[in-house]
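Welcome, and please have a look at the model below. A short tour of a few local features follows.

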Amino acid sequence: MRKPYVILIGSASGIGKSTIAAELAKTLNIKHLIESDFIRAVVRGIIGKEYAPALHSSSYDAYKHLRNKNRYESYEELVSAGFDEHAASVIPALEKIIQRAITDYDDIIIEGVHLVPGLINIEQFKEYAEIYFFVLSSDEEAHKERFVKRAVQIHRGGKQLDFFRENRIIHDHLLKQAESHNVHVIKAEEIDKTLDKILAIINNSCTTVNLINSVDELEDVIDIIINKNNGSIRNITYYIKGFKEPLSRNVNVSDSQSAEKFIEKLKDDENKKEDLNGLYHLSEYRKTTICAPNQEKLDNIIKELNEKGYVLNE
């Protein structure tokens with residue numbers, strides 16, 4: 001029997017984690033979906049404001065209740081420290097919920113701003129559950145647009161707009177913590193694309209192929225993998241003639257926007273394109289790890305790459 005799923009989805013306010021968590025629960029048929037805000041409300045009822053003032057504030061203005069504010073070198077550090085203190089009061093309760101789900105052998109999804117990599121101890125559960133931790137990211141313009149849309153549609157988000165700078169500081173802080181603790185960062189795009197990126201990691205539908213496409217054909221390769229099939233490129237290894245050890249790069253490209261920016265840079269910068277051409281010529285092929293949301297889409301990617309002649313079949 002497989003271990004129960006424990007899936008954690010964190011992000012700053014307004015990125016779209018609630019929507020993604022709900023869709024993921026439907027897709028995986030997981031009945032237990034919990035928002036950390038509800039847990040915070042319970043903890044607030046137990047711990048009074050006089051004992052934990054940061055907890056009784058919002059995540060974006062908890063810094064106002066920190067003592068010795070002058071010990072922080074920047075406003076960003078101050079806001080991040082206040083946010084961490086706010087989240088730290090909720091995390092012990094979240095860990096108890098995870099433990100209960102594991103004991104009952106129940107799959108569970110928890111989403112919320114309080115899921116901070118490094119603060120929540122997921123190592124204690126890895127022996128007993130399949131743990132997946134994701135932090136969602138967004139560029140600044142899209143983030144602000146979501147707040148505006150929320151404020152117009154459901155009359156929420158106006159206050160967060162007033163503290164948009166603080167929310168972006170929290171966003172960047174979460175990404176930094178995710179990177180430090182090997183937590184998956186997922187660029188929030190359309191719901192289907194974001195969901196597929198998460199499913200690709202959970203389902204672990206990956207394979208390694210030997211690509212022989214040219215630099216000029218790279219745009220088509222990316223289109224097949226990322227745009228058409230919502231796949232991702234995890235790792236590329238170059239076997240360079242004359243060198244005993246290969247050159248390996250963890251690229252982790254999964255969103256179309258980042259891929260398009262890379263292609264645009266190649267088109268605009270002849271030197272960069274020439275350098276990549278040189279690397280391609282030095283290596284007979286590039287061993288590339290490709291992942292997809294499910295086996296069907298992965299098979300489709302490999303089929304299309306083969307039909308275009310981009311795969312070296314030994």
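Which residues does His114 touch, not counting residues up to four places away in sequence? They are Ser36, Asp37, Arg40, His86, Ala87, Val90, Ile91 and Leu94, where contact means heavy atoms within 4.5 Å.

## About the model

This is a predicted model, in which local features need pLDDT of at least 70 and side-chain atom pairs count only at pLDDT 80 or more, while totals for chains, interfaces and linings use all residues. Residues are numbered from 1 along each chain as its sequence is written, and side-chain values use heavy atoms, with hydrogens and water left out.

You will find His114 in the loop between β3 (108-112) and β4 (130-137). Helices (H or I, at least four residues) and strands (E, at least two) are DSSP runs, numbered from the N terminus. With a relative accessible area of 0%, His114 is buried; buried means under 20% relative accessible area, exposed over 50%, and partly exposed in between (1.4 Å probe, protein chains only).

Ser36 also meets His114 through a polar contact between the two side chains, at 2.7 Å. Such a contact is a pair of N or O atoms within 3.5 Å; within protein, one must be able to donate a hydrogen and the other to accept it, and residues adjacent in sequence count only if both atoms are side-chain atoms.

## Where α3 meets α7

The axes of helix α3 (residues 75-88) and helix α7 (residues 164-180) come within 9 Å and cross at roughly 75°. Axes are lines fitted to C-alpha atoms, for helices over the stretch in contact, and angles run from 0 to 180 degrees between N-to-C directions.

From α3, the contact is made by Tyr75, Glu76, Val79, Ser80, Phe83 and Asp84. On the α7 side are Arg165, Glu166, Ile169, Ile170, His173 and Leu174.

## An aromatic pair

The structure holds 5 aromatic pairs. One of them is Tyr63 with Tyr75, edge-to-face at 5.5 Å centre to centre and 80° between the planes. Rings of Phe, Tyr and Trp (its six-membered ring) pair if their centres lie within 6.5 Å; planes under 30 degrees apart count as stacked, over 60 as edge-to-face and the rest as tilted.

Tyr63 sits in the loop between α2 (36-46) and α3, 12 residues apart from Tyr75 in helix α3. Tyr63 is buried at 11% relative accessibility, whereas Tyr75 is partly exposed at 24%.
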